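The following note comments on one protein model for a student reader.

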Amino acid sequence: MSASPRATRDLVVVTGLAAEARIAAGPGVRVVVAGARMSHLDGRLAQEIARGARAVMSFGIAGGLDERLSCGAWLVARRVLTPSGPVRCHAPWAAALRDRLPGAHVVDLAGVDTPAWTVADKRALHRETGAWAVDTESHVAATLAEQAGLPFAAFRVVADSAKRSLPAAASVALASDGTIRHARVLGSIVRSPAQLPSLVRTARDTAIALRELSRGRRRLGGGLACPDLDELVLDVP
C-alpha cells in the first residue's frame with residue numbers, strides 16, 4: 001500500500017526540548033525531540049526522513065553569541081555552521097520566514113554537540129565562527145537534510161544572551177525525552193546554592209524565549225512558512 005499524500009509531504013521539525021516540540025506541533029508536522037540523548041538524534045531524524053519527509057526545520061531556543069542579541073530575539077538562519085562546514089538554508093524558505101517574522105535577525109547559526117555554558121565559551125565560539133547564536137540540534141538537522149536533498153530552515157529564539165553564563169544545574173536538567181528533571185535541578189542547588197540567582201535568571205530568560213517562540217510559531221502558520229508545504233494546511237481548521 002502506498003503512503004498517503006499527507007504522510008509523504010510532512011514537515012519534520014527538530015527540537016531540543018519537549019516544550020519546544022509542543023509549540024511546533026500541528027497537522028502535517030512530525031517533531032523529533034533530541035532531549036539529552038544527542039548521540040541518538042541523527043539516527044532518529046534519519047528514520048523520520050526515510051518515512052517520506054518533504055522538508056526539515058530546526059526549531060527552538062538558542063544561546064546568543066553576538067552581544068547585540070537580547071533575550072527573546074527572533075532568529076532566521078542564513079547558514080548553519082557545522083563541524084564539517086557550513087550548510088546553506090533553503091533561500092525561499094528563509095525569505096518567507098523573514099517576511100512573516102518582522103524584526104527577525106537573519107544570521108549564521110552555529111551547531112555544536114555541547115552547549116556553550118559560559119560567557120567565555122560563547123566569546124570563543126563567536127570569534128572562531130562569526131555565528132550570532134548557537135544550539136545543539138541545528139547542525140545535525142542541517143547535515144541530514146542536505147544529504148537527503150531536502151529543503152532546510154531554522155527558526156530560533158535567543159534565551160541566554162552572550163552576556164549570560166548558564167548555571168551548573170542546567171547541565172543536569174534535561175531528560176532524554178526533552179523534559180526537565182526537577183529532582184536533578186534541586187539536587188544541584190543543594191550542592192551549590194550560590195547558583196540560585198543565575199538559575200532564576202535562566203528560568204526567566206527561557207520563559208521569555210519560549211513565549212516569543214510561540215508567538216513566532218503562530219505567525220508562521222500551519223506549514224511553518226515552507227513554500228512547498230503551506231498549501232497542504234489551508235484546509236486545516
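**Notes on the predicted model**

1. In this predicted model, Asp 205 has a relative accessibility of 5% and therefore counts as buried, since the cut-off for that class is under 20%. Its side chain forms a salt bridge with Arg 164, at 3.0 Å from N to O. This pair joins distant parts of the chain: Asp 205 belongs to helix α8 (residues 196-220), whereas Arg 164 lies in the loop between β8 and α7, 41 residues apart. Arg 164 is partly exposed, at 26% relative accessible area.

2. Asp 205 also forms a salt bridge with Arg 204, where the closest N and O atoms are 3.8 Å apart. Arg 204 is partly exposed, with a relative accessible area of 46%.

3. A salt bridge likewise connects the side chains of Asp 160 and Lys 122, at 2.6 Å from N to O. Asp 160 is in the loop between β8 (152-158) and α7 (182-191), and Lys 122 is in helix α5 (residues 119-129), 38 residues away. Both count as buried: Asp 160 has 14% relative accessibility, and Lys 122 has 1%.

4. The count of salt bridges comes to 13. Asp 10, Arg 30, Glu 48 and Arg 51 are linked in a network of them.

5. Overall, the protein contains 8 helices and 8 strands. Its radius of gyration is 17 Å, close to the 18 Å that the globule rule gives for 237 residues, so the protein is as compact as a globular protein of that length. Of these 237 residues, 50% count as buried.

Terms used
Residues are numbered from 1 along each chain as its sequence is written. This is a predicted model: local features need pLDDT of at least 70, side-chain atom pairs count only at pLDDT 80 or more; totals for chains, interfaces and linings use all residues. Side-chain values use heavy atoms; hydrogens and water are left out. Helices (H or I, at least four residues) and strands (E, at least two) are DSSP runs, numbered from the N terminus. The radius of gyration is taken over C-alpha atoms; the globule rule is 2.2 Å times the number of residues to the power 0.38. Buried means under 20% relative accessible area, exposed over 50%, partly exposed in between (1.4 Å probe, protein chains only). A salt bridge is a side-chain nitrogen of Lys or Arg within 4 Å of a carboxyl oxygen of Asp or Glu.
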